[in-house]
Amino acid sequence: MLGSTLLAVSRNPLARKAVTALPPTRRVVDRFVAGEATADAVATVERLTRSGLMVTIDHLGEEVRDTDAAVTTTKAYVELLDALAPLGLGHRAEVSVKLSAVGQALDDSMALEHAREICEAALGAGATVTLDMEDHTTVDSTLGILRDLRADFSDVGVAIQAYLFRSEADCHDLRDSRVRLVKGAYREPASVAHQKKNDVDLAYVRCLKVLMAGTGHPMVATHDDRLISIAELLADRHERARDTYEYQMLYGIRTDKQQALANSGALVRVYVPYGDDWYGYFMRRLAERPANVAFFLRSLGGK
Ligand code: FAD
């Protein structure tokens, strides 16, 4: 209930203004966001990769409604990838792209062109690209753009949201690809998505079974211990080497678990958001966990 209220609020411009104007918000945001500038993102990447973790970096922003903003986001990614290239991280570095931030709401072909520019820059840096998945109205467009990109950049990945009824079939279609499996972070209607947590978890396991049985590279993106254990069992059942799949978690969430998994020999990639347009991302993190809201409210009280 609290979660879906926060997701509704996250799309309200007045609420955005009010929350972003609260001075202590910044401290709370810093728990989930690596900073505002490219240099902040690069410093975080260096720190995380030194401790054996991999990264996927998200330049914050979504739902841009004008061409200039889409171009600015694309340039930010290219600047970031150029800054990462000298670090020689190869596939340990990746960028995550929300197509709505590079023009999807304006025109699919603009989003494709911008995503292509980002893929070129990633290739130059030895890094990979994964397309984030946004609300259900964008899934067909995102998978269409993915198909076009993969014709030239075969290792582009995509996020698939287990809560959508369609996702098991999408996993079948993508079983030879890099697929990041997530539960799903948007408020979706009952006509397209499971509403109960247990149903989402069961759907996640069904999708995971398809991906682990396939020839692609499953990216198990969850903080849920039960699902991580099931992923490990399925990888064993399919005799997968540990470098043929990976775990992914968000920056600032369950950092001990991230490190423990990496120390056990698993591939672990941390999703690192940076930039000044943190509002939508931040509100989705609050919506996922009431304890984060309490933390936020305490900080407003000065504690
Ligand atoms: P949950 O059942 O929500 O959580 C399991 C446990 O993890 C909780 O009990 C708690 O201990 C911990 N936890 C979970 N969330 C938080 C939090 N916010 N703060 C503190 N602790 C927490 N969604 C999309 O719709 N599209 C995407 O492209 C996308 N990309 C993602 C990329 C990565 C790497 C990850 C990890 C998630 C991504 N998500 C994306 C978000 C995802 O859909 C879920 O909303 C989010 O991961 C929470 O679900 P969970 O699987 O961790 O399980």
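The account below treats a pair of helices, then one further helix, then the aromatic rings.

The model is predicted: local features need pLDDT of at least 70 and side-chain atom pairs pLDDT 80 or more, whereas totals for chains, interfaces and linings use all residues. Residues are numbered from 1 along each chain as its sequence is written, and side-chain values use heavy atoms, without hydrogens and water.

Helices (DSSP runs of H or I, at least four residues) and strands (E, at least two) are numbered from the N terminus. The axes of H5 (residues 67–84) and H6 (residues 108–125), lines fitted to C-alpha atoms over the stretch in contact, come within 9 Å and cross at roughly 10°. H5 is therefore roughly parallel to H6 (an angle under 35 degrees between N-to-C directions). Their contact (heavy atoms within 4.5 Å) includes Tyr 77 and Leu 81 of H5 and His 114 and Glu 117 of H6.

Helix H7 (residues 139–152) has seven residues named as buried, among them Leu 143, Ile 145 and Leu 149 (buried means under 20% relative accessible area, with a 1.4 Å probe and protein chains only). The buried residues of H7 pack against H6, strand E3 (128–131), strand E4 (157–161) and helix H8 (167–173).

Four aromatic pairs (ring centres within 6.5 Å) are found in the whole structure. Tyr 271 and Tyr 281 are stacked (planes under 30 degrees apart), at 6.2 Å centre to centre and 0° between the planes. Tyr 271 lies in strand E8 and Tyr 281 in helix H12, so this pair ties together parts ten residues apart in sequence. Trp 278 and Phe 282 are edge-to-face (over 60 degrees), at 5.7 Å and 90°.

How values were computed: Axes are lines fitted to C-alpha atoms, for helices over the stretch in contact, and angles run from 0 to 180 degrees between N-to-C directions. Angles under 35 degrees count as roughly parallel, over 145 as roughly antiparallel, 65 to 115 as roughly perpendicular and the rest as oblique. Buried means under 20% relative accessible area, exposed over 50%, partly exposed in between (1.4 Å probe, protein chains only). Rings of Phe, Tyr and Trp (its six-membered ring) pair if their centres lie within 6.5 Å; planes under 30 degrees apart count as stacked, over 60 as edge-to-face and the rest as tilted.
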